[in-house]
Protein chains: 2
Amino acid sequence: MALGKDYATQECSIARALEVVGERWTLLVVRDAFYGVRRYNDFLVHLGIPRAVLAARLQTLTAEGVLEKRRYQDSPPRDEYVLTDRGIALWPVLRALSLWGRDHFTENRLRIFRHASCGTELGSYGECPACGTVVPAPDVEVVPGPGLDPNPADPVSRAILKPRRLLQPIEIEHG
Amino acid sequence: MALGKDYATQECSIARALEVVGERWTLLVVRDAFYGVRRYNDFLVHLGIPRAVLAARLQTLTAEGVLEKRRYQDSPPRDEYVLTDRGIALWPVLRALSLWGRDHFTENRLRIFRHASCGTELGSYGECPACGTVVPAPDVEVVPGPGLDPNPADPVSRAILKPRRLLQPIEIEHG
DNA sequence: CTTATTGGTTCAATGAGCGAACCGACGTGT
DNA sequence: ACACGTCGGTTCGCTCATTGAACCAATAAG
């Protein structure tokens with residue numbers, strides 16, 4: 001993790017997990033990856049994170065197998081960062097955090113997660129109450145809630161406003 | 001959170017949650033609280049955390065309503081820190097993190113979570129496969145797995161070794 | 001009267017996060 | 001040919017958080 005020591009003495013899979021995703025900004029980078037953000041610059045403007053920190057996080061997440069660096073054009077050479085299976089497996093963590101944050105610290109709902117195939121809002125452990133199954137991340141649809149600013153400044157936030165599935169790459173409108 | 005800025009620009013309940021529990025050590029303090037640790041000194045020896053940091057974390061967790069400071073003796077005045085409902089609501093987050101850590105970063109299982117009333121191991125979203133219900137934290141029993149050191153140095157780790165329910169206060173053996 | 005226990009606070013050193021500047025490879029406009 | 005813009009970084013000086021050790025106050029135990 002950092003600061004000389006990791007969670008050294010801890011025999012615990014929670015501690016082990018936090019050594020990978022417990023640093024500042026890391027889980028927000030992963031969250032953005034679920035929202036379809038893939039490029040350095042898009043993470044940068046959407047998160048307002050210092051460039052050096054973003055570069056460091058992307059590197060450790062790649063090294064830990066949470067993200068995969070993938071070339072998407074050759075000239076100039078450009079890479080994008082995509083969630084691996086290991087990264088996608090973090091979805092329950094983010095969902096649980098999101099639920100806790102909304103239940104205890106926000107007024108209006110900011111984003112609503114639904115089962116894409118039937119439109120039903122997900123239950124408290126990520127299941128579809130209508131279908132009775134736990135919904136995997138690619139089948140989750142995100143729609144903006146009433147508390148979300150409908151006219152955000154940065155293009156990435158604007159791209160995320162449209163109802164979309166998780167993991168679907170964002171499309172930036174230029175102009 | 002820290003460092004001058006919180007996750008300022010983020011309109012997101014995940015970011016909001018991380019402002020409360022996203023700092024270094026914080027989620028491990030909460031985890032210990034689930035394991036029944038309640039006293040300053042017990043957190044201290046079990047986590048190997050610097051005293052100043054522990055004091056700071058306990059204070060913000062108390063201020064945010066995750067822990068409650070409760071007097072348990074008057075002379076000398078001594079307080080213990082106990083999870084509130086808001087703190088107990090973090091159980092799904094810890095469970096999800098634990099599952100992810102164990103599936104991706106540990107060899108042998110360290111701890112096993114079971115439904116106390118029937119002994120069945122919890123499923124991947126915290127449900128009891130036998131009973132078909134989601135098991136609330138106080139009904140979860142923790143038993144040590146094969147990967148856990150059976151003879152730890154500190155008394156808190158030893159107290160946690162016995163199969164116990166979550167939230168049940170630990171009993172330290174003196175001597 | 002000395003020592004131990006509990007729950008802290010204080011302090012100097014170190015390391016991580018911050019923001020601004022810089023940079024290299026490549027496209028684009030003129 | 002040359003200036004300018006974009007993308008994905010690296011470098012650097014500053015500040016703030018974390019660390020570990022020392023210190024402290026209240027009380028109990030021997």
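What follows is a conversation about symmetry, domains, a pocket and cavities.

Modeller: A word on conventions: the model is predicted, local features need pLDDT of at least 70, side-chain atom pairs count only at pLDDT 80 or more, and totals for chains, interfaces and linings use all residues. Residues are numbered from 1 along each chain as its sequence is written, chains are lettered from A and ligands numbered from 1 in the order in which they are written, and side-chain values use heavy atoms, with hydrogens and water left out.

Colleague: What rotation and shift superpose chain B on chain A?
Modeller: Chain B goes onto chain A by a rotation of 180° with 0.0 Å of shift along the axis, at an RMSD of 0.0 Å. That is the relation of a two-fold axis.

Colleague: How do you know that the same surface serves both copies?
Modeller: Of the contact residues of chain B, 100% recur in chain A; contact means heavy atoms within 4.5 Å. As for the axis itself, Val93(B) comes closest to it among the residues of chain B, with its C-alpha at 2.8 Å.

Colleague: Which domains make up chain A?
Modeller: Domain 1 covers 13-86 and domain 2 covers 90-165, with bounds from an automatic or database domain assignment. Their centres, taken over C-alpha atoms, are 20 Å apart, and each of the two domains gives 13 residues to the contact.

Colleague: How much area do domain 1 and domain 2 of chain A bury between them?
Modeller: About 1100 Å², of which 76% is on carbon and sulfur atoms. Buried area is the accessible area (1.4 Å probe) that two parts lose on being put together, summed over both. On the domain 1 side, Phe34(A), Tyr35(A) and His46(A) supply 57% of what is buried against domain 2, more than any other three residues.

Colleague: What makes a set of grid points a pocket or a cavity?
Modeller: The grid is 1 Å, over the protein atoms alone; in a cavity a 1.4 Å probe fits but cannot get out, whereas a pocket is an open set with protein on both sides within 12 Å along at least five of seven lines. Lining residues have an atom within 4 Å of a point. Points are joined across faces, edges and corners, and a volume is the space filled by probe spheres set on the points.

Colleague: Which residues are closest to the centre of the largest pocket?
Modeller: That pocket has a volume of about 520 Å³. Of its 28 lining residues, Pro92(A), Arg95(A), Tyr125(A), Arg95(B) and Tyr125(B) are the closest to the centre. Helix H6 (91-105) of chain A and helix H6 (91-105) of chain B are the elements giving two or more residues to the lining; helices are DSSP runs of H or I, at least four residues, and strands are E runs of at least two, numbered from the N terminus.

Colleague: How many cavities of 30 Å³ or more are there?
Modeller: Four, from a search of the whole structure. The largest has a volume of about 130 Å³, and Leu18(A), Gly22(A), Leu18(B), Val21(B) and Gly22(B) are the closest to its centre among 18 lining residues. H2(A) gives the largest share of that lining, three residues.

Colleague: And which element gives the most to the lining of the second largest cavity?
Modeller: E4(B), with three residues. About 50 Å³ of space lies in that cavity.

Notes: Least-squares fit on C-alpha atoms with pLDDT ≥ 70 in both.
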